[in-house]
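Here's a quick tour of a protein model, written for someone just getting started with structures. Have a look at it first, then we'll go through it piece by piece.

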Amino acid sequence: MSQGPRSGLAAVSSALLAMSRHLEVRDVLKTIVASARELLDAQYAALGVPDDHGGFAQFVVDGVSDAQWKAIGPLPRQHGILAAMLHEATPERLADVRKDPRFEGWPSAHPDLVDFLGLPIRDGDEVIGALFLANKNCPKPEGSCGFTEEDEELLAILAQHAAIALTNARLYERSRELTIAEERSRLAHELHDAVSQKLFSLRLTAQAAAALVDRDPSRAKGELRQVAVLAAEAADELRAAVVELRPAALDEDGLTATLRTQIQVLDRAHSARVTFAAHNFRALPASQEEAMLRVAQEALHNALRHSGAEHVDVTLDRRGSGAVLRVTDDGSGFEPKAIRRAGRHLGLVSMRDRTSGVGGTLTVESAPGKGTTIEMEVPGG
């Protein structure tokens, strides 16, 4: 086999691997476009995801600077050749896009496109995007297209894999949305139960103080002090719940700072001592950091609500290119097998699902009267 085919195969393999590494839709789109432009040696590449109103929900370009893109203006509409790719689902290979009868012009700041290669991205019978390249970096005889039939075949392969990557990314984002909705529902129930109990106790205590104020002032003062304690506990419950409800600013603060902040709040809100330490931790892929945060929250919830622990320790350590999260408490513990037989899981199913979803492993060590340790390891990126 000659050096050329091997290089081409390696380039295709690299492009497909790059697409499969990302889970966020925007990252997948950017990777598809950059891979297509590099693979086919074009000056410009773009990918548009249509909306239901004649425009594009997302439109990603490569080869255009941020300043150029800003100067171009609003996203294009589904017209001309773009519309043909989307609505007729046909590939387009043109020597000069400006001479095509369907060409309707572009904004003044738009780069000058000449030879053009475009393909629809299909998921079954549905067209979910349009991928196109312009201005092949090669000599072009007068009136001929720089893009070849082989280029079109190669782009068709890329478009097929792009459809898989894009569909997977959409499914991942929908799964995350469902998970967030489930988390909010759980927290809403938890908030209702915890704060309602505190407010009920606070009301009864206030009523007792009112009844005692005339006949036993000293006891009334004690009840009023209890009112103040219960009110502070209710406020702490609300504050802790708000921290969990608020989307963690992992992109800005990172996992270490986010965990430290939440654990400081929990330490103030509960009678148990809650501590946190991180050692040589370095940033992980966003999906892994989010999974570790959610597992830590679930483990802390169990320790603080159900175990009767006096101390809960959370550590985050580097291990190879990945990391290990460990949540340890000195509470009542439990027998994991008995929990499973009884149909209860204390959030363990959710924690295992989150961990396996990012390629990690979860270990649970517990026994009655011996406390609990939950360890989550992820491989890193």
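In which sense do S8 and S10 pair, and over how many bridges? They pair in the antiparallel sense, over seven bridges. Keep in mind that this is a predicted model. In the protein you'll find 10 helices and 10 strands, and buried residues make up 42% of its 381 residues.

**The whole protein**

- Take the contacts between residues at least 6 apart in sequence: 61% of them join residues at least 24 apart.
- The protein exposes about 20,300 Å², and carbon and sulfur atoms supply 52% of that area.

**The sheet with S8 and S10**

- S8 and S10 belong to an open sheet of five strands, in the order S6-S7-S8-S10-S9 and with mixed pairing.
- Its edge strands are S6 and S9, each of which pairs on one side only.
- On average, neighbouring strands here are turned by 10 degrees against each other, if you ignore direction.
- Helix H10 lies across S9 and S10, and runs at about 150 degrees to S9.

**The largest nonpolar core**

- As background, nonpolar side chains tend to be buried together in soluble globular proteins.
- The largest nonpolar core here has 34 residues. Leu259, Met292, Leu300, Val312, Leu316, Leu325 and Met376 are the ones with the most contacts inside it.
- Helix H7 (250-269), strand S6 (273-279), H8, S7, strand S8 (322-329), helix H10 (348-357), strand S9 (361-366) and strand S10 (372-378) each supply at least two residues of this core.
- Which of these elements gives the most to the core? That's H8, with nine residues.

- Strand S5 (residues 126-136) is mostly covered, with 10 of its 11 residues buried.
- Strand S1 (residues 42-50) pairs with S5 in the antiparallel sense over six bridges. Ala45 has Leu133 as its bridge partner in S5, while Ala46 stands opposite Phe132.
- Strand S4 (residues 116-123) is joined to S5 by eight bridges, and the two run antiparallel. Asp123 stands opposite Glu126 in S5.
- The hairpin of S4 and S5 has two residues between the strands, and Gly124 takes a positive phi near 65 degrees there.

**Helices on that sheet**

- Helix H2 (residues 25-40) has 16 residues and reaches 23 Å from its first C-alpha to its last, close to the 22 Å expected at 1.5 Å a residue.
- The buried residues of H2 include Val25, Val28, Leu29, Ile32, Val33 and Leu40.
- Just after H2 comes Asp41, with a positive phi of about 55 degrees.

**A glycine in a loop**

- Gly308 is found in the loop between helix H8 (286-306) and strand S7 (311-319).
- Is Gly308 buried or exposed? Gly308 counts as exposed because its relative accessible area is 65%, and the cut-off for exposed is over 50%.
- Not counting residues up to four places away in sequence, Gly308 touches Ala303 and Gly331.
- Gly308 and Gly371 are 63 residues apart along the chain, and their C-alpha atoms are separated by 9.5 Å.

Terms used:
Residues numbered from 1 in each chain as written. Predicted model: local features only at pLDDT ≥ 70, side-chain atom pairs only at ≥ 80, totals over all residues. Heavy atoms only, no water. Buried < 20%, exposed > 50% of the residue type's maximum accessible area, 1.4 Å probe, protein only. Helix = DSSP H or I, 4+ residues; strand = E, 2+ residues; numbered from the N terminus. Pairing = 2+ DSSP bridges. Contact = heavy atoms within 4.5 Å. Expected span 1.5 Å × (residues − 1). Areas by Shrake-Rupley, 256 points an atom, 1.4 Å probe, with all protein chains shown as cover. Core = buried A, V, L, I, M, F, W, Y, C linked by side-chain atoms within 4.5 Å. Axes fitted to C-alpha atoms, helices over the stretch in contact; angles between N-to-C directions.
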